[in-house]
Amino acid sequence: MELPTVEELAGQLAAVSGAAELGPDDAIQRNSDIDSLDLMEWLYGFQNNYPDVGADESLFNDMDDTTTMRDVHTKLVALVQKAA
């Protein structure tokens, strides 16, 4: 299974939230345009597109003000490897 790139994931979250920009290494919580509802909306879309990954809200359990989409992508890659 091929996941979207980290850049694509960041772009998807930016689109969902209406954020002007979100780079793969930008801290998600430091972007004032992104809130927890945006994260859940993004996750719901990801789950619909990639149901076999098994991603859930636990992706964000240890999120702090330094967490980036690259961190989230790393977790998603680990889920895919675990499922394989």
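Buried residues make up 39% of the 84 residues in the protein chain of this predicted model. The chain holds three helices and zero strands, and along the sequence these elements follow the pattern α-α-α. A compact globule with 84 residues would have a radius of gyration near 12 Å, and because the protein chain has 12 Å, the value agrees with that expectation.

**Overall dimensions and contacts**

- Taken along the principal axes, the C-alpha atoms of the protein chain fill a box of roughly 35 × 20 × 20 Å.
- When contacts between residues at least 6 apart in sequence are considered, 58% of them join residues at least 24 apart.

**Helix α1**

- Helix α1 has 12 residues and reaches 17 Å from its first C-alpha to its last, which is close to the 16 Å expected at 1.5 Å a residue.
- The buried residues of α1 are Val6, Leu9, Ala10, Leu13, Ala14 and Ser17; they cover an arc of only 135 degrees around the axis, and therefore lie on the same side of α1.
- An α-helix has 3.6 residues a turn, so residues three or four places apart point the same way.
- The partners against which the buried residues of α1 pack are α2 and α3.
- Just after α1, the backbone at Gly18 takes a positive phi of about 85 degrees.

**Helix α3**

- Helix α3 comprises the 15 residues 69-83, which at 1.5 Å a residue should span 21 Å, and its end C-alpha atoms are 21 Å apart, in agreement with that figure.
- The buried residues of α3 are Met69, Val72, His73, Leu76 and Val80; because they cover an arc of only 100 degrees around the axis, they are placed on the same side of α3.
- On the other side of α3, Gln81 and Lys82 are exposed.
- The buried residues of α3 pack against α1, residues 6-17, and against α2, residues 36-49.
- The N-terminal end of α3 is capped by Thr68, which has a side-chain oxygen 3.2 Å from the backbone nitrogen of Arg70.

**Aromatic residues**

- A pair of aromatic rings is described by the distance of the centres and the angle of the planes.
- The count of aromatic pairs comes to three, and one of them is the stacked pair of Trp42 and Phe46, with 5.6 Å centre to centre and 25 degrees between the planes.
- Trp42 and Phe46 are four residues apart in helix α2, which means that they are separated by about one helical turn, and both of these residues are buried.
- Trp42 also forms an aromatic pair with Phe60, which is edge-to-face, at 6.3 Å centre to centre and with 70 degrees between the planes.
- Because Trp42 lies in helix α2 and Phe60 in the loop between α2 and α3, this pair ties together parts that are 18 residues apart in sequence.
- Both Trp42 and Phe60 are buried.
- Ring pairs link Trp42, Phe46, Tyr50 and Phe60 into a cluster.

Definitions and conventions:
Residues numbered from 1 in each chain as written. Predicted model: local features only at pLDDT ≥ 70, side-chain atom pairs only at ≥ 80, totals over all residues. Heavy atoms only, no water. Helix = DSSP H or I, 4+ residues; strand = E, 2+ residues; numbered from the N terminus. Expected span 1.5 Å × (residues − 1). Buried < 20%, exposed > 50% of the residue type's maximum accessible area, 1.4 Å probe, protein only. Arc of directions from axis to C-beta. Contact = heavy atoms within 4.5 Å. Polar contact = N/O pair within 3.5 Å; in protein donor to acceptor, adjacent residues only side chain to side chain. Phe/Tyr/Trp six-rings, centres within 6.5 Å; stacked < 30°, edge-to-face > 60°. Rg over C-alpha atoms; globule rule 2.2 N^0.38 Å.
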